[in-house]
Amino acid sequence: MNLHKFITNQIKSALEKIPALADADMSNVVVEVPRDRTHGDFATNAAMVLAKALKQNPCKIAEEILPHICALPFARCASIAGPGFININLKDSFILENVFPDSEHRAKRVSGAPPQVIDLDYGSYNVAKSLHIGHLRGGIIGDSFYRIAKFLGHRPVSYNHMGDWGKPMALVIAWIMKKFPNDWDKPDFKIDESEFNDYYPAASAHAQENSEFLEQVLLIKKEFQDGRADYAALYEKMLSISMRQMADIVERLGMLPFDNNLGERNAAKYLDPVEKILREQNLLTLDNGAEIIKLKRDDDKAPMPPFMWKDSRGADTYDSTDLATIYYRKITDKPDRIIYFTDYRQQLHFAQLFRAAELSGIFPADRLEFPYFGGINGADGKPYKTRDGTVAGLLDMIETVDAAARARVKESGKNLTEDTVKMIALAALKFNDLLHDTKSDYIFDADAVTQFEGRTGPYILYTAVRLNSVLKKANGAGQTKKTCCLSVDERLLSLAILDFDRAVGAAFDKRAPDVLANYTYDLCQTINTFYHNCPILRDDVPADVRAHRLGLVAAAVETLSTAIDLMGLKIPEEM
């Protein structure tokens, strides 16, 4: 169960039954975990909040409500601290009833919201373009959020919204035509996959220096969108290569396969019904040959440029296919919400898109979300680059961490399998990304993230391996609940386990898997303190104590394994 939510609700319910507080507003009453748990398992500001509303002394209010909190069935004791905080300690029996994996209470997951259909857009891979460093965070964060949403009982639908319709596609088509003028349109023409990812940067650089080539690119874009057959055939060959590369990346990152790999080209099929809606509402305006939707309102404080529906050549735009995509998802999935995980540079675009969706009546803006993420920087604070000074691609990041993990394993003298090394490298890469505040930039250091100690993925895996090793050595020995008092470390571990559902719920509600990652690290620290201070299999440990501690280990394994899975990581057999 979500212990934090349960305690909060029980306290508010108790307060509402006090006659003097019957009409008081409880909405600002907060229950939290004290930084120092020697002060209590939970603390509430209820007295201070209610004292302000009732214009009375907080300590006087605290004294009045303290007996009602002490009378709650889970409360061992409660006390007043400071200006009116109330600290609460839970009964050991209550903790034990809820901490073990077979407890019916722990099986109930509470997300804080009714089950929803949630469309998640976090791929955004591009056909005929190498995946860059920004795709790393989108994939890792989006995949973890997908797992969390599903775990909580929602129905997430994942989309890799591919870039396959605009100028980048035309650039690559134009470059292939230039490079292979006599062969590109032949049925048996094959693209060399080894050099395929060089085409876009070469074409982009050439277009900046050659106006005639750029003009050809813009013409190709329009003709490709109009359905020119030889361009469509070339596109299919490019798509085949890109899909293989995307699938490889998804597998290497340990992500779940996307439910849908559908991009701008698919969205273009729905431009006509969307345009019909826009015209019926007189939202389209001509502006220098282009068709736009004016979005700016009188109360706007930030710039709000118009939404570009068609460019001056009559070609589809990034804006138009994104609006058509919302329309497609609305009629296909009937989602309660659509959430986009892309980087912070897209903030203006999504503000425009959401307003256009609202104005047109296609989808309510308050059910469209953009929890953007920050960038990845090097030690100099600038966007991370490879050793030769070029901007890092996604594969560069994966291979850099893989090499660092191998070096770390070699230094340790451990003889680990290839699969284990890959699990360690992947955990190092992904956990480091998830650990940081989603909206903030972070500095990437391959040597630091592959350490086996500290706030790292390998540390998380090592803790799980250690617990599994204890259970293996126990060889099926009994696991029971203790009937007497819990020790300090047993108690802290039990409370950390019971905090799992709060952490998962908060990660979902805040659209921030970093909440889960940081909880997991804190749980591992508590587990390792317990392991060092509470002997389990030592010969001098009484049988009943051993059985109880093995029960705690099993509960910790179940919780930690679930958290690790929700981050898209795997636990090796040994480390």
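Asp 92 sits in helix H4 (residues 92-99), where helices (H or I, at least four residues) and strands (E, at least two) are DSSP runs numbered from the N terminus. This is a predicted model, so local features need pLDDT of at least 70 and side-chain atom pairs count only at pLDDT 80 or more, while totals for chains, interfaces and linings use all residues. Residues are numbered from 1 along each chain as its sequence is written, and side-chain values use heavy atoms, with hydrogens and water left out.

**Asp 92**
- Asp 92 is buried, at a relative accessible area of 10%; buried means under 20%, exposed over 50% and partly exposed in between, using a 1.4 Å probe and protein chains only.
- A polar atom of the Asp 92 side chain lies 2.9 Å from the backbone nitrogen of Leu 486.

**The chain overall**
- The chain has 22 helices and 14 strands.
- Along the principal axes, its C-alpha atoms fill a box of roughly 85 × 65 × 40 Å.
- Of the 575 residues in the chain, 53% are buried.
- Take the contacts (heavy atoms within 4.5 Å) between residues at least 6 apart in sequence: 74% of them join residues at least 24 apart.
- The accessible surface (Shrake-Rupley method, 1.4 Å probe) comes to about 26,300 Å², and carbon and sulfur atoms account for 50% of that.

**The largest pocket**
- A pocket here is an open set of points on a 1 Å grid over the protein atoms alone, with protein on both sides within 12 Å along at least five of seven lines; a cavity is a set where a 1.4 Å probe fits but cannot get out, and lining residues have an atom within 4 Å of a point.
- The largest pocket holds about 780 Å³ of space, a volume being the space filled by probe spheres set on grid points joined across faces, edges and corners.
- Helix H5 (134-151), helix H6 (167-179), helix H9 (211-225) and H13 are the elements giving two or more residues to its lining.
- There are 36 lining residues, and Ser 124, Asn 126, Glu 264, Tyr 318 and Gln 346 lie nearest the pocket's centre.
- By type, the pocket lining splits into 11 nonpolar, 15 polar and 10 charged residues; Ala, Val, Leu, Ile, Met, Phe, Trp, Tyr, Cys and Pro count as nonpolar, Asp, Glu, Lys and Arg as charged, and the others, Gly among them, as polar.

**The cavity**
- Searching the whole structure turns up 1 cavity of 30 Å³ or more, and the largest cavity has a volume of about 30 Å³.
- Residues lining the largest cavity include Tyr 159, His 161, Asn 266 and Arg 329.
- Helix H13 (residues 318-333) gives the most to this lining, with 3 residues.

Conventions: A polar contact is a pair of N or O atoms within 3.5 Å; within protein, one must be able to donate a hydrogen and the other to accept it, and residues adjacent in sequence count only if both atoms are side-chain atoms.
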